[in-house]
Each structure stands twice: as C-alpha cells, then as structure tokens.
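Me: I am new to reading protein structures. Could you walk me through one, feature by feature?

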Amino acid sequence: MKVLILSLALVAPAAFANQELAKSKNCLACHALDTKLVGPAYKDVAAKYAKDKDAYKKLAEKIQKGGSGVWGPVPMPANPQVSPAEAETLAKWVLTVK
C-alpha cells in the first residue's frame, strides 16, 4: 500500500504541473482533457498518435507553429509564447492523457 501511495505522489504532481503549463500558455482556451472544444480533446489526440513514436516532435512543432487540416477546418494558431522546451513538455504530456 505504501508503494502505491508513493507512486501516486510521484506521478500526480508531474501531470498537474503540465496541465498548469497548458493553462498558463492558454492551451485550455481551445482544448480540454476529455471534451472537444474548438480543438480536439487531449485524450483524442493521445489516442490518434498512440502508435507514433515521434508524435511528440510533430505535436511540439504544431504547438509552436500552428497547423490545419488534421482535425477539421478550424486551424490551430501558432503559440509564440511557448518555448521549444515547453512545447516538447506539453506534447509529451498530451500524449499521456487518457
């Protein structure tokens, strides 16, 4: 039981911290964890790219530069306030959402 509690204590802060990063970078204005808003739900993004080992690189680039056509007609705008390291952190986090 102690191992489980310790494991949850180690995992939960990282997940929360990355959700807070998404909030601070205004990602949650268009995305939610499990519901489509303007953009797709993060769980849907994670499912779509689950078998792509390089998905985090593609998503990190899209977070910074924007993109269109993958999830419908609404384009994702570039987010210049996100650094390359933050974009990679966010992309890796998004791919863990279930």
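This is a predicted model: local features need pLDDT of at least 70, side-chain atom pairs count only at pLDDT 80 or more; totals for chains, interfaces and linings use all residues.

Me: Where do I start? How many helices and strands are there in the chain?

Reply: Start with the secondary structure. The chain has 4 helices and 0 strands, so its pattern along the sequence reads α-α-α-α.

Me: What share of the residues counts as buried?

Reply: Here we ask how much of each residue is covered; buried means under 20% relative accessible area. In this chain of 98 residues, 28% count as buried.

Me: What is the volume of the largest pocket, and which residues are closest to its centre?

Reply: The volume is about 640 Å³. The lining has 34 residues, and those closest to the centre are Cys30, His31, Pro40, Met76 and Pro77. The largest share, 4 residues, comes from H4.

Me: Which residues make the nonpolar surface patch?

Reply: Leu37, Val38 and Val74 make this patch of about 250 Å². Let us take Val74 as an example. Its place is in the loop between helix H3 (55–65) and helix H4 (84–94). Residues in a patch need over 30% relative accessible area, and Val74 has 51%, so Val74 counts as exposed.

Me: Now the asparagines. Is Asn18 buried or exposed?

Reply: Compare the relative accessible area with the cut-off. Asn18 has 17%, so Asn18 is buried. This residue lies in helix H1. Leaving aside residues up to four places away in sequence, Asn18 touches Thr89, Leu90 and Trp93.

Me: What about Asn26: buried or exposed?

Reply: Exposed means over 50%. Asn26 has a relative accessible area of 53%, so Asn26 is exposed. You will find Asn26 in the loop between helix H1 (2–24) and H2.

Me: What is the phi of Asn26?

Reply: First the general idea: most residues other than glycine have a negative phi. Asn26 is not a glycine, yet its phi is positive, about 70 degrees.

Key: Residues are numbered from 1 along each chain as its sequence is written. Side-chain values use heavy atoms; hydrogens and water are left out. Patches are made of residues with over 30% relative accessible area and no salt bridge: like charges are joined within 9 Å, nonpolar side chains (Val, Leu, Ile, Met, Phe, Trp, Tyr) within 5 Å. Accessible areas come from the Shrake-Rupley method with a 1.4 Å probe; for residues, only the protein chains shown count as cover. A salt bridge is a side-chain nitrogen of Lys or Arg within 4 Å of a carboxyl oxygen of Asp or Glu. Helices (H or I, at least four residues) and strands (E, at least two) are DSSP runs, numbered from the N terminus. Buried means under 20% relative accessible area, exposed over 50%, partly exposed in between (1.4 Å probe, protein chains only). On a 1 Å grid over the protein atoms alone, a cavity is a set of points where a 1.4 Å probe fits but cannot get out, and a pocket is an open set with protein on both sides within 12 Å along at least five of seven lines; lining residues have an atom within 4 Å of a point. Grid points are joined across faces, edges and corners, and a volume is the space filled by probe spheres set on the points. Contact means heavy atoms within 4.5 Å.
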